[in-house]
Amino acid sequence: MKDKNLPPDNNSSTLEELTEKANQIIESLENEKNLNNSVESYQQLLKLNKIIQEKFHKKFKSLSEKTNQKVKEIKKK
């Protein structure tokens, strides 16, 4: 899922906020007695998981690039 395809309310959310939303969905799924009622929530959870993965990978890549840049600067000295 590309960033431009992310729902607007999740685009500006932090990883922590998205994780909290996922935890709330998981909790509601655990308390649901009728599995037929939980299909939509489960699909929401899958989409949210994908968004969290994408944001995590972006953040990881950014940190790696910054670290590599700092290492290069240190090596120059």
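Which residues of helix 3 are buried? In this predicted model, the buried residues of helix 3 are Leu 45, Leu 48, Ile 51, Ile 52 and Lys 55. The sections below place these residues in the fold.

## Overall architecture

The protein contains three helices and zero strands, and its elements follow the order α-α-α from the N terminus. Helix 1 covers residues 8-11, helix 2 covers residues 15-31, and helix 3 covers residues 39-76.

Of the 77 residues in the protein, 17% are buried. The accessible surface amounts to about 6700 Å², and carbon and sulfur atoms account for 52% of that surface. When contacts between residues at least 6 apart in sequence are considered, 59% of them join residues at least 24 apart.

## Helix 2

Helix 2 is built from 17 residues and spans 24 Å from its first C-alpha to its last, close to the 24 Å expected at 1.5 Å a residue. Its buried residues are Leu 15, Leu 18, Ala 22 and Ile 25. These four lie on the same side of helix 2, because they cover an arc of only 90° around the axis. An α-helix has 3.6 residues a turn, so residues three or four places apart point the same way.

The other side of helix 2 carries exposed residues, namely Glu 16, Glu 30 and Asn 31.

Helix 3 comprises 38 residues and extends 56 Å between its first and last C-alpha, close to the 56 Å expected at 1.5 Å a residue. Its buried residues include Lys 55, a residue that is touched by Ser 13.

The structure holds one salt bridge. It joins the side chains of Glu 54 and Lys 50, with an N to O distance of 3.4 Å. Both residues belong to helix 3 and are four residues apart, about one turn of the helix. Glu 54 is partly exposed, at a relative accessible area of 28%, and Lys 50 is also partly exposed, at 31%.

## The nonpolar core

The largest nonpolar core has eight residues in all: Leu 15, Leu 18, Ala 22, Ile 25, Leu 45, Leu 48, Ile 51 and Ile 52. Helix 2 and helix 3 are the elements that give two or more residues to this core. In soluble globular proteins, nonpolar side chains tend to be buried together.

Leu 18, a residue of helix 2, is one of the core members. Leu 18 counts as buried because its relative accessibility is 0%, where the cut-off for burial is under 20%.

Leu 18 and Asn 49 stand 31 residues apart in sequence, and their C-alpha atoms are 8.5 Å apart. For Gln 53 and Leu 15, the separation is 38 residues in sequence and 9.2 Å in space, C-alpha to C-alpha. Gln 53 is located in helix 3 and is partly exposed, with a relative accessible area of 37%, whereas Leu 15 is among the buried residues of helix 2.

## The loop between helix 1 and helix 2

Ser 13 occupies the loop between helix 1 and helix 2. This serine is buried, with a relative accessible area of 10%. Leaving aside residues up to four places away in sequence, Ser 13 touches Leu 18, Lys 21 and Lys 55.

Conventions:
Residues are numbered from 1 along each chain as its sequence is written. This is a predicted model: local features need pLDDT of at least 70, side-chain atom pairs count only at pLDDT 80 or more; totals for chains, interfaces and linings use all residues. Side-chain values use heavy atoms; hydrogens and water are left out. Buried means under 20% relative accessible area, exposed over 50%, partly exposed in between (1.4 Å probe, protein chains only). Contact means heavy atoms within 4.5 Å. Accessible areas come from the Shrake-Rupley method with a 1.4 Å probe; for residues, only the protein chains shown count as cover. The expected span of a helix is 1.5 Å times one less than its number of residues. The arc is that of the directions from the helix axis to the C-beta atoms. A nonpolar core is a set of buried Ala, Val, Leu, Ile, Met, Phe, Trp, Tyr and Cys residues joined through side-chain atoms within 4.5 Å. A salt bridge is a side-chain nitrogen of Lys or Arg within 4 Å of a carboxyl oxygen of Asp or Glu.
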